[in-house]
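Please read this report with the model open beside you.

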Amino acid sequence: MVLMQGKGVSAGVIKGKLYFYQRPDNTVVKTAVEDLQAEKERLAAAQQASMEQLEALADKCRQETGEDSAILFETHAMFVEDEDYTAMIAEILEDEGCNAEYAVKTAGEQFAAMFAAMDDAYMQARAADVQDVTQRILNNLMGVVEGGIDSDEPVILAAEDLAPSETLQLDKSKILGFATRGGSGNSHTAILARTMGIPAVCGLGDGLKEEYNGRLAYIDGETGKVVLDPDEITLAALTDKYQRQQEMKQLLLTMKGQEDVTLDGKKMMVYCNIGSPDDLGAVKANDGQGIGLFRSEFLYLAADDYPSEDEQFEAYRAVAAAMDGKRVVIRTLDIGADKQVDYFKLNKEENPAMGMRAIRICLNRPEVFRTQLRALYRASAYGKVAIMFPMITSVWEVKECRRACKSVMSELAAEGIPFNPDTEIGIMVETPASIFMAEDLAKLVDFFSVGTNDLTQYTLACDRQCNDLGKFFDPHHPAILRAIKQAADAAHKAGIWIGICGELAGDISLLPTFLAIGIDELSVSPSVVLPLRAEIRKSIAQTCTLERLE
Amino acid sequence: MKQFTFLIRDELGIHARPAGQLAKLAKPYGETVITVTKGSQTVKASQLMKLMSLGVKRGDEVTVATEGPAEDDAIAAVQKFFEENL
């Protein structure tokens, strides 16, 4: 057995023949030319051809992988005609009376070196873009046709590292995965592999030998392992993983676009929990029907100072607009306890879980609260935004929150800034007090969302951060499930909907219980949406029982 | 000549994407030269690679200037671009 360890950069297990990418041979030799004018024309034609190819690649990308990779190729096209770059090529050609290939190569090396010398990882990586553009012009000069895998069956593509245009031009139906010597999680190979949804391992170094060309290999894009001739145990483990992954894929394929409804017609809203606008891709890919919990903390945790109204508005608007009319529940600031931010200058507490956190901070610091509410209401004009307040224990807190919302709305109205006055307002149900007060609270809001993580910690008196509570920390405890039922009954009595956005929502073993309780919405990690949907579509709500509450 | 100074708020600064957009924006102004200055280095907005190599990041202050027949229109367009994207 040969085992190579690299870095897994795109998950999945795949088996196939290793195929070493043959970069076309185009060694550049400097030669003197007689007819300089003809050489200039040859160069201009190669530059023109390169631009056309790159623009075509950008169009192709726009249809296949999205706007971001399309912009990459558009930038490459602009590199081809960059005035300093073209001027240097022309100058070398003129001064040395040499062939166009040599001039292009020399200028390319100089510009790549300029980026490589910069004190910034992002800019250093741009050297690869310059090299890629240079190679393209050279290929056009030398008549080398890139791409194409000379194999009848799909292969695992092995290479030093692959340039973006190389990865894109390859016949994708022939690639099962990537294994590269160089590269990182941020390399183009990794990014494109993830976009294409195929496994990739990079950073294998010299362990990936050319003599392995044509050998049967297994790659695991999660653990970063590449295996040849696996022993029995390794083979069994890999096969098992592969099979589970295939089953999952089948499930994904059949569940996309289906409704979240039980066999007897009970509808469930299956939403997603997200931590920043970056997670939207996963929500779309997994067909989430809305956002049940958008944690606004990332804006505060990532910054050195209070995020401005505009900054917040941009983030909320981006998510609301991208969800295109589907509900987006945004939770107001929930810091304190396990999430600390220096510039808030909160006092150190013995027991922060029961201290100054979440809505308590907002009600004590009206300016911080007002900024966030203004951003939220402004975003409400761009999609179906719902506002959710965390850590509620009392009726007066909700009344005060509503007053703050009202005053922000009148400000915006006076300033002529658009907002939706009917924006839904809800609360997290995550304290024992909110369970006992549920009937009163339900009359004041448009929805409830149960935060099972905190509800469990407060109800069972088990600290979430404490790891050795073992059997005492039982999220399936009947007390928790009864509490959820009590909240649900109160919500339905008041005619509002109730969801669950904590960990328990994604616990498929509890789905029958939640159906029996009458939960209307489950908000889960994007990757859980489709498995949960499959389970819902197999269920019969009427036959679900409350036995777990006993 | 028209000019303004601008404090970069975007985290990545003038990276490939805005540099490309800026170069594109500068193109139709032809004779009117648009420049970006950081510290002692000045480059034209149309010099895509040189512009990127300035390594302009969040917190940097740059001076943007336009000079030529359409300098008024150009400065307005560039200022709008900076405010919206950087």
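A residue counts as buried if 20 or more other C-beta atoms lie within 10 Å of its own, with C-beta atoms placed from the backbone. The model discussed here is predicted.

**One residue in chain A**

Is Leu481(A) buried or exposed? Leu481(A) has 22 other C-beta atoms within 10 Å, so it is buried. The residue lies in helix H18 of chain A, which covers residues 478-493. Which residues does Leu481(A) contact, once neighbours within four places in sequence are left aside? They are Thr513(A), Arg548(A) and Leu549(A). Thr456(A) is 25 residues away from Leu481(A) along the chain. The C-alpha atoms of these two residues are separated by 9.7 Å.

Two packed helices are described by the angle between their axes and the distance between the axes. The table gives both values for two pairs.

| Helix pair | Residues | Angle | Axis distance |
|---|---|---|---|
| H3(A) and H4(A) | 83-96 and 100-116 | about 135 degrees | 8 Å |
| H11(A) and H13(A) | 309-322 and 366-379 | about 35 degrees | 8 Å |

Take H3(A) and H4(A), which pack at an angle of about 135 degrees. That angle makes H3(A) oblique to H4(A). H3(A) passes H4(A) in a right-handed crossing. From H3(A), the contact draws on Tyr85(A), Met88(A), Ile89(A), Ile92(A) and Leu93(A). From H4(A) come Ala100(A), Ala103(A), Val104(A), Thr106(A), Ala107(A), Gln110(A) and Phe111(A). What classes of residue make the contact of H3(A) with H4(A)? There are 10 nonpolar residues, two polar and no charged.

Now take H11(A) and H13(A). H11(A) also has a right-handed crossing, here with H13(A). H11(A) supplies Glu309(A), Gln312(A), Phe313(A), Tyr316(A), Arg317(A) and Ala320(A) to the contact. H13(A) supplies Thr371(A), Gln372(A), Arg374(A), Ala375(A), Leu376(A), Arg378(A) and Ala379(A). By class, the contact of H11(A) with H13(A) has six nonpolar, three polar and four charged residues.

**The sheet of chain A**

Chain A has an open sheet of eight strands. Their order is S1-S8-S7-S3-S4-S5-S6-S2, and the pairing is mixed. Which strands sit at the edges? They are S1(A), residues 2-5, and S2(A), residues 7-10. Each of these pairs on one side only. From one strand to the next, the twist averages 30 degrees. Helix H8(A), residues 232-255, packs on the sheet. H8(A) touches S3(A) (13-20), S7(A) (216-220) and S8(A) (225-228). The direction of H8(A) makes about 110 degrees with that of S3(A).

Look next at S5(A), which spans residues 175-180. Five of its six residues are buried, so S5(A) is largely enclosed by the rest of the structure. S4(A), residues 155-159, pairs with S5(A) in the parallel sense over five bridges. S5(A) also pairs with S6(A), residues 200-202, in the parallel sense, over two bridges.

Individual bridges can be followed across these strands. Leu157(A) has Phe178(A) as its bridge partner in S5(A). Phe178(A) in turn has Ala200(A) as its partner in S6(A). For Ala179(A), the partner in S6(A) is Val201(A).

**Chain B**

Chain B has 86 residues, of which 40% count as buried. How many helices and strands does chain B have? There are three helices and four strands. From the N terminus on, these elements run β-α-β-β-α-β-α. Among the contacts in chain B with a separation of 6 or more, 71% join residues 24 or more positions apart.

**Where the chains meet**

The contact between the chains takes 17 residues from chain A and 14 residues from chain B. Which elements give two or more residues to the side of chain A that touches chain B? They are H2(A) (67-80), H3(A), H4(A) and H5(A) (121-142). H2(A) gives the largest share of that side, five residues. By class, the side of chain A that touches chain B has 10 nonpolar, one polar and six charged residues.

Notes:
Residues numbered from 1 in each chain as written. Chains lettered and ligands numbered in written order. Predicted model: local features only at pLDDT ≥ 70, side-chain atom pairs only at ≥ 80, totals over all residues. Buried ≥ 20, exposed ≤ 12 C-beta atoms within 10 Å, placed from the backbone. Contact = placed C-beta atoms within 7 Å. Axes fitted to C-alpha atoms, helices over the stretch in contact; angles between N-to-C directions. Parallel < 35°, antiparallel > 145°, perpendicular 65-115°, else oblique. Left-handed = near helix turned anticlockwise from the far one by under 90°. Nonpolar A, V, L, I, M, F, W, Y, C, P; charged D, E, K, R; others polar. Pairing = 2+ DSSP bridges.
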